[in-house]
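Please read them beside the model.

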Amino acid sequence: VHKFWETQPVGQYKDVGNTGLPEGPIEASTPLSEVKQEPYNLPSPYEWTTCDMNSEETCNEVYNLLKNNYVEDDENMFRFNYSKEFLQWALHPPGYYTSWHIGVRAKASKKLVAFITGVPARIKVRDDVVKMAEVNFLCVHKKLRSKRLAPVMIKEVTRRVHLENIWQAAYTAGVVLPTPITTCQYWHRSLNPKKLIEVGFSRLGARMTMSRTIKLYKLPDSTATPGFRAMELRDVPAVTRLLRNYLARFVVAPDFDEDDVEHWLLPRENVMDTFLVESPETHEVTDICSFYTLPSTILGNQNHSTLKAAYSYYNVSTKTPLLQLTNDALIIAKQKDYDVFNALDVMENECFLKELKFGPGDGQLHYYLYNYRLKHAIKPSELGLVLL
Ligand code: NHW
Ligand code: EN5
C-alpha cells in the first residue's frame with residue numbers, strides 16, 4: 001500500500017498489464033494560473049529554503065546533509081558521498097532553475113534537515129521528445145524519518161516544476177515504487193580487490209587466495225586503442241553527433257544538444273571523465289567512453305574511510321568494440337586510483353560485463369517516469385538514460 005503514490009499520476013499496480021490505456025501523459029497540463037501559487041505546508045517547526053548551490057556556504061550545508069544522511073546499501077556499510085564539485089555540476093546544467101533546488105530548515109536552529117532537487121532535461125520516449133525534470137538527491141535527515149516529510153517535498157518540487165510549464169519527470173530509486181519502467185542490475189568490476197575485501201565490499205571467492213584474486217583482476221599498464229584520448233572542448237560537435245545518433249535507438253533516452261554535451265560530458269577533475277577514439281588516419285571521432293566519480297564513505301572501518309568508485313555513463317562504439325573501449329576505461333580508472341568500476345545493465349553494457357570480470361551487486365536501480373505512461377515495462381537494454 002502506497003498512501004502517497006496512489007494519489008499521484010504515475011503507473012499504478014492495478015493498471016499493470018492493462019494495454020487498453022494509451023501511452024503518454026497520464027493527466028493533462030493545466031493553465032499556469034491554476035498551479036498552486038503558495039508552497040505546501042510543512043510541519044510547523046520547519047520552513048522551506050531555496051538552496052543557491054553557487055553559494056559556498058549553502059553548498060557546504062547540502063554536502064554535509066547528504067554525506068551524513070543520503071543513500072546506503074542494504075547492510076549500511078557504505079554511504080554515497082557526492083563531492084561539492086559534483087553537486088554544483090549536477091545541479092547547474094543548461095537552463096537550470098535555482099527554484100528547483102529545495103531545502104527544508106528547522107526554524108529554530110536554521111539547520112538544513114532535508115533536500116530535493118530537479119534539473120531540466122529533454123527526454124525522448126519512443127518518437128516523443130518530452131520536457132521533464134530529473135529529480136534527484138531526495139534526502140531527509142535520519143532523525144526526521146517516517147514523518148511523511150518526503151511526500152510534501154515531492155509535491156513541492158512538482159509544484160515548482162509545474163510553474164515552469166513542465167509536467168513530466170524522470171527519477172531512479174533503489175526502492176520499488178509504483179511502478180518501474182525498468183529495473184536495472186548494478187555490476188561491479190574490482191580494481192583494488194584487496195581493499196574491497198578488507199572493507200567488506202566484496203568477498204574472497206571460494207577456493208581463492210588473496211594473491212590469486214589480485215592476479216585475476218590485474219589490468220595492463222596502458223590502454224590498447226590507438227587514438228584513445230581525453231575529450232576536449234573542440235570535440236563537442238563530433239561527440240554530440242555520435243551520441244545523438246546512438247541514443248536514437250533506445251526507447252527512453254536524453255535528447256542531448258551541443259550545450260548539454262558540453263555540460264554533461266566534458267571532463268572535470270574528480271567528477272566526470274570522457275575519453276574518445278580519434279582515428280589516427282582520418283582524425284574522425286569514432287567512439288566515446290565515459291564515467292563519473294562517486295565515492296562512498298565506508299562506515300565503521302578502522303583502516304579505510306572512503307571507497308573511490310567510477311560509474312559508467314554514456315558509451316558509443318562505431319569502430320572500436322565496446323568491450324575494448326570499456327577495458328581501456330578500466331585501465332584509466334585503475335591508473336587514477338579508483339577502487340571499483342560500476343555499471344548498470346543499460347544500453348549495450350551486457351556485451352562486456354561478464355567478459356571484463358564485472359560481477360552482479362546486491363543492489364538494483366528502478367527507473368520511473370512521473371505523469372507519463374508506457375504500455376509495458378521496457379528491458380534495461382532498451383533504456384538509454386543514466387541519472388547521477
Ligand atoms: S533515490 C534516493 C532517495 N534518498 C535516499 O534513499 C536517502 C536516504 N533516505 C531518506 O532520506 C534518488 C528517506 O528515507 C527518504 C524518504 C527521503 C527517501 N522516492 O517521509 P516519509 C532520488 O532522489 C515514499 C520516492 O515518511 P522517509 C529520487 C514512500 O514510498 N518516494 O519517508 C527521488 C512513502 O510513500 P507511500 C519515496 O523515509 C524521487 C513515503 O515516501 C522514496 O522519512 C522522488 C514515505 O515518506 C524515494 N526514494 O523519507 C519522486 N523513498 O506512497 C519524484 C520513500 O509508499 C517524482 N518514498 O506511502 C517526480 C516529482 C516531479 C514531478 C514534475 C512534474
Ligand atoms: C540514484 N541516483 O546498494 C541513486 N549499492 O550493487 C539512488 N553493493 O554497492 C539509488 N551490502 O554488491 C541507489 N558488492 C541504489 C543503490 C544503493 C547502494 C547499493 C550496491 C549495488 C553495492 C556492493 C556492496 C555490498 C555491501 C553489502 C556489492 C559485491 C561486489 C562484488 C565484486 C566482485 C564480483 C562480484 C561482485
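Helices (H or I, at least four residues) and strands (E, at least two) are DSSP runs, numbered from the N terminus. This is a predicted model, in which local features need pLDDT of at least 70, side-chain atom pairs count only at pLDDT 80 or more, and totals for chains, interfaces and linings use all residues. Residues are numbered from 1 along each chain as its sequence is written, and chains are lettered from A and ligands numbered from 1 in the order in which they are written.

1. Ligand 2, elements. Strand 6 (168-173), strand 7 (182-190) and strand 17 (359-370) each give at least two residues to the shell. Strand 17 supplies the largest share, five residues.

2. Ligand 2, residues. The shell holds 21 residues (C-beta atom, placed from the backbone, within 6 Å of the ligand). Gly174, Tyr186, Gly359, Gly361 and Gly363 come nearest.

3. Ligand 2, domains. Domain 1 (5-176) and domain 2 (183-368 + 377-382) each contribute at least three residues to this shell. The bounds come from an automatic or database domain assignment.

4. Ligand 1. Its shell has 35 residues, with His2, Phe4, Leu138, Ala150 and Ala169 closest. Strand 5 (128-140), helix 3 (149-162) and strand 6 give two or more residues each.

5. Helix 8. This helix covers residues 322-335, 14 residues in total. Just after helix 8, aspartate 337 takes a positive phi of about 75°.

Note on methods:
The expected span of a helix is 1.5 Å times one less than its number of residues.
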